[in-house]
Amino acid sequence: MQPRPAPFPPDLLAPGVEPESESFEVVLDAAELPVGTLRRVTRGDLDILLAHIPDGIVATDDRCPHMSAPLSIGVLDGCVVACPLHDGRFDLRSGGPVQMPTTGGLDPDGVYHPTWTPGGRDPKTDPPGKKAEARRLTRVRRFRYYPVRIADGRIQVALPPER
Ligand code: FES
């Protein structure tokens, strides 16, 4: 099957990207991104995550939407990528979390989730202090996507203009 771009929620387009413009850049040979794999490509100070999910190829920032860890070294299972840092899991089709990070915090809608606790135990209480407060106030955001197209066997991504 030929690789193809995966659809993504249109309201989650990355800032500064104009998908109809000539801003598409070749970033990788499609053969280097089989289904089920993740890759990082870098342009300037922008690290892009390429993921080949069953729906096709998506491009988003290679920064976890929780605390910015590189998702390219996470684990891809179908359309869900697991972050290597706090085990948050994110759906690359919808852009949202399917499992909150173990540190808890706010989900994209601002709803608070407590720190993860092993099954059957009482919920952990955060010690007072700035670190616990920072964890509580950290909001997981939704992915922002860079449009993808594929031509001549190469993956192209629409990127914002370099500043
Ligand atoms: S940085 Fe990814 S879950 Fe925390």
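**View 1. Asp47 and Arg40 form a salt bridge.** Their closest N and O atoms are 3.6 Å apart. A salt bridge here is a side-chain nitrogen of Lys or Arg within 4 Å of a carboxyl oxygen of Asp or Glu. The model is predicted: local features need pLDDT of at least 70, side-chain atom pairs count only at pLDDT 80 or more, and totals for chains, interfaces and linings use all residues. Residues are numbered from 1 along each chain as its sequence is written, and side-chain values use heavy atoms, with hydrogens and water left out. Asp47 is partly exposed, at 22% relative accessibility. Arg40 is also partly exposed, at 38%. Buried means under 20% relative accessible area, exposed means over 50%, and partly exposed lies in between (1.4 Å probe, protein chains only).

**View 2. Asp62 also forms a salt bridge with Arg40.** The closest N and O atoms in this bridge are 2.6 Å apart. Asp62 lies in the loop between strand E4 (56-61) and strand E5 (75-77), and Arg40 lies in strand E2 (residues 38-43), so the pair ties together parts that are 22 residues apart in sequence. Helices (H or I, at least four residues) and strands (E, at least two) are DSSP runs, numbered from the N terminus. Asp62 is buried, with 1% relative accessibility. Arg40, Asp47 and Asp62 are linked in a network of salt bridges.

**View 3. Arg39 and Glu32 meet through their side chains in a salt bridge.** The N to O distance is 3.6 Å. Arg39 is partly exposed, at 29% relative accessibility. Glu32 is partly exposed too, with a relative accessible area of 37%. The structure holds nine salt bridges.

**View 4. Phe90 and Phe143 make an edge-to-face pair.** The structure holds three aromatic pairs. In this one, the ring centres are 6.0 Å apart and the planes are at 65 degrees. Rings of Phe, Tyr and Trp (its six-membered ring) pair if their centres lie within 6.5 Å; planes under 30 degrees apart count as stacked, over 60 as edge-to-face and the rest as tilted. Phe90 sits in strand E7 (residues 89-91), and Phe143 in the loop between helix H1 (130-137) and strand E11 (148-151), so the pair ties together parts that are 53 residues apart in sequence. Phe90 is buried, at 0% relative accessible area. Phe143 is buried as well, at 2%.

**View 5. Phe143 also pairs with Tyr145.** This pair is edge-to-face, with 6.2 Å centre to centre and 75 degrees between the planes. Tyr145 is buried, at 0% relative accessibility. Phe8, Phe90, Phe143 and Tyr145 form one aromatic cluster.

**View 6. The largest nonpolar core has 20 residues.** A nonpolar core is a set of buried Ala, Val, Leu, Ile, Met, Phe, Trp, Tyr and Cys residues joined through side-chain atoms within 4.5 Å. Ile53, Val58, Leu71, Val81, Phe90, Leu92 and Phe143 touch the most other members. Strand E3 (residues 46-53) gives the most to this core, with three residues. Another core, of 18 residues, lies apart from it; among its members are Phe24, Leu33, Tyr146 and Ala158.

**View 7. Arg149 lies over the face of Phe24.** The distance from the ring centre is 4.0 Å. A charge sits over a ring if NZ of Lys or CZ of Arg is within 6 Å of the ring centre and within 35 degrees of the ring normal.
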